Amino acid sequence: MIDLRSDTVSRPTAAMRRAMAEAPVGDDVYGDDPTVAALEAIVAGLLSKEAAVFMPTGTMTNQIGLRIHGEPGDTLLLADGAHIYVSEGGAASAYSGLTLRAVPTDRGVFTAEALEAAIGVVHPFVPVELASPPRIVSVENTSNAGGGRIWPIERIRDVAAVAKAAGLMCHLDGARIWNASAASGISVGEYAAPFDTVSVCFSKGLGAPVGSCLAGTRVAMVRARRFRQQIGGSMRQGGIIAAGALHALEHHRGRLVEDHVNARAFADGIAGLPGIALDPATVETNIIRFRVTSMPVATFAARLRDQGVLLLPSGRDGIRALTHLDVSRADIDRAIAAVASILDRPGSS
Ligand SMILES: Cc1ncc(COP(=O)(O)O)c(C=O)c1O
């Protein structure tokens, strides 16, 4: 099977498994695990933050980032299709009691003006206590729903300036910040700079089986450790999985551009086919989103599965494909041929 459903499906390499098996470990709840400590120090350094905390998932690092900044009844502003908004089980409301306010975007990226409008102006005749106070803005870079779109650095700075002027805290969902950096040449530290907290994942394009870090000030990370404990996210010999993340950072960051080239090749290869609506220019990193106009997406995905290619139906007529460590250029060529073959099939429209 050529599995293009997500960049989370890749399996750890033999070298990564070896690094994990041989990792020095201790009880991280007592602060004794040297591999977890090494990972946290490296990630804090890369992101130019004072400290970082290792957690099992990006959902947890996002949600604890939000928990640090907000209290029940506060408002979180974020992109209309953000992962935190649509794919974290309502956790921001359930766990932190936040009210969510969507900011309209162009493929996952909003403007400073749109944020300003969404923050709103309290009417002079309305008591301020009536409103849920805007408290946090979250930016997702790259944007998953936006087809892996990279936030332009100037846009990030403008949005953060508006947020700071309004007294908001800034959180970055940087699950794929590694991809943004690999594609743009802008360091992850530069991307992270305007944010109070930053969540990064090792289990997406970097190819580790498990793990994310939250980074921020030392004080904020002390709170993060407490909240991590509160929801059962502290791990004992966590070094075994932290070693996979360390190996991924060292050996797999440099190859992310291959995934981007493969994603663009896939987009170029299927864009002209009848029944496919896709602009390859929208493919900036490792995510391809397109529409199928000639048959229901469930039929499209099922026929492709029969050809040995897995893609993810997304919405009414959308499909998502991602490239990753376990997808070669030859796989991409086979996937393009498979798409062409099912579209050509008599009766497929
Ligand atoms: C943009 C983004 N943020 C956060 C997450 C959550 O990561 P996890 O699956 O590790 O909880 C994902 C998962 O795919 C994601 O795409």
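A polar contact is a pair of N or O atoms within 3.5 Å; within protein, one must be able to donate a hydrogen and the other to accept it. This report uses that idea on a predicted model.

**Around D3**

Start with D3. The side chain of D3 makes a polar contact with the side chain of R5, at 2.6 Å. D3 is found in strand β1, which covers residues 2–3. Is D3 buried or exposed? D3 is buried, because its relative accessible area is 15% and the cut-off for buried is under 20%. Which residues touch D3, once neighbours within four places in sequence are left aside? They are V9, L310, H324 and V327.

**Two domains**

The protein is divided into domain 1 (14–251) and domain 2 (255–344). Their C-alpha centres lie 28 Å apart. The contact takes 18 residues from domain 1 and 14 residues from domain 2. Together the two domains bury about 1300 Å² between them. Of that area, 53% is on carbon and sulfur atoms.

What polar links cross the interface of domain 1 and domain 2? The rule finds 7 residue pairs in polar contact there, both residues at pLDDT 80 or more. Helix α8 (residues 177–184) gives the most to the side of domain 1 that touches domain 2, with 4 residues. That side of domain 1 divides into 6 nonpolar, 9 polar and 3 charged residues.

The rule also finds 1 salt bridge across the interface of domain 1 and domain 2. Separately, the side chains of R107 and E284 meet in a salt bridge, 3.9 Å from N to O.

**Backbone points to check**

Most residues other than glycine have a negative phi, and most peptide bonds are trans.

| Residue | Phi | Loop | Relative accessible area |
|---|---|---|---|
| S48 | about 55° | between α2 (34–46) and β2 (51–55) | 57% |
| R107 | about 45° | between β4 (99–103) and α6 (112–119) | 31% |

S48 counts as exposed, because its 57% is over the 50% cut-off. R107 is partly exposed, at 31%.

Which peptide bond is cis? The bond from N141 to T142 is cis, with omega near 0°. T142 lies in the loop between β5 (134–140) and α7 (153–165).

Conventions
Residues numbered from 1 in each chain as written. Predicted model: local features only at pLDDT ≥ 70, side-chain atom pairs only at ≥ 80, totals over all residues. Heavy atoms only, no water. Domains from an automatic or database assignment. Contact = heavy atoms within 4.5 Å. Buried area = accessible area lost by both parts, 1.4 Å probe. Salt bridge = Lys/Arg side-chain N within 4 Å of Asp/Glu carboxyl O. Helix = DSSP H or I, 4+ residues; strand = E, 2+ residues; numbered from the N terminus. Nonpolar A, V, L, I, M, F, W, Y, C, P; charged D, E, K, R; others polar. Buried < 20%, exposed > 50% of the residue type's maximum accessible area, 1.4 Å probe, protein only.
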